[in-house]
Amino acid sequence: MRIGTPLPPFDGATEWRNGSVTPEDLRGHIVLVHFWAVSCGICSEQMPRVNAWRDTLAEKGVRVVSIHMPRYEADTDLAAVEAAIAKYGLTQPCAIDNLHRIADAFGNEFVPAFYLFDAEGKLKSFSAGENAARLVQPALERLLGSA
């Protein structure tokens, strides 16, 4: 996905937890889309930072949407995903993408991965891997500074 690409729809989620959202629901907000997987150790390490962004930046108009993208067949176990959502305290909308339809719409192959969209719904930053959260932080701060 190229910088400037519009926020794709979240069509094809197997299920949603904590409510569902559409790009239209998020219009006018800075949006951080976070891909993760139950089996991803780096993802679990980054969850506190994701939750902190969700909680502290909501008043500034930032919305977080998490997408559980399984890496292995075992990751498609709904009970395990629900347990992880509870364990990590995910209260933001969380799509379960067992068929990779949302991942395909984003062209995403990675967990963790962060896609940051401005209030007009245009992609401003992408980062993935071990340093993904650290790398998206400056872009998030820049967007907040310009908002």
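**Reading a disulfide, a sheet and aromatic pairs**

Modeller: Both Phe 35 and Tyr 115 are buried, where buried means under 20% relative accessible area, exposed over 50% and partly exposed in between, with a 1.4 Å probe and protein chains only. This is a predicted model, in which local features need pLDDT of at least 70 and side-chain atom pairs count only at pLDDT 80 or more, while totals for chains, interfaces and linings use all residues. Residues are numbered from 1 along each chain as its sequence is written, and side-chain values use heavy atoms, with hydrogens and water left out.

Colleague: How are the rings of Phe 35 and Tyr 115 placed, edge-to-face or stacked?

Modeller: Rings of Phe, Tyr and Trp (its six-membered ring) pair if their centres lie within 6.5 Å, and planes under 30 degrees apart count as stacked, over 60 as edge-to-face and the rest as tilted. The centres of Phe 35 and Tyr 115 are 5.7 Å apart with the planes at 70°, so this pair is edge-to-face. Phe 35 belongs to strand E2 and Tyr 115 to strand E5, 80 residues apart, which links distant parts of the chain; helices (H or I, at least four residues) and strands (E, at least two) are DSSP runs numbered from the N terminus.

Colleague: In which sheet order do the strands stand?

Modeller: Strands of a sheet pair through backbone hydrogen bonds, either parallel or antiparallel, and two strands are counted as paired if DSSP finds at least two bridges between them. Here an open sheet of 6 strands has the order E1-E4-E3-E2-E5-E6, with mixed pairing. Strand E1 (15-17) and strand E6 (123-128) stand at the edges with a single partner strand each, so one side of each is left without a neighbour in the sheet. Strand E5 (residues 113-117) runs antiparallel to E6 and is joined to E6 by 5 bridges, and Tyr 115 stands opposite Phe 126 in E6.

Colleague: Which cysteines does a disulfide join?

Modeller: A disulfide is a covalent bond between the sulfur atoms of two cysteines, and the criterion applied is a pair of cysteine sulfur atoms within 2.5 Å. Cys 40 is joined to Cys 43, with S to S at 2.5 Å, and the link is right-handed, with 85° about the S-S bond. Cys 40 is buried at a relative accessible area of 5%, and Cys 43 is buried at 0%.
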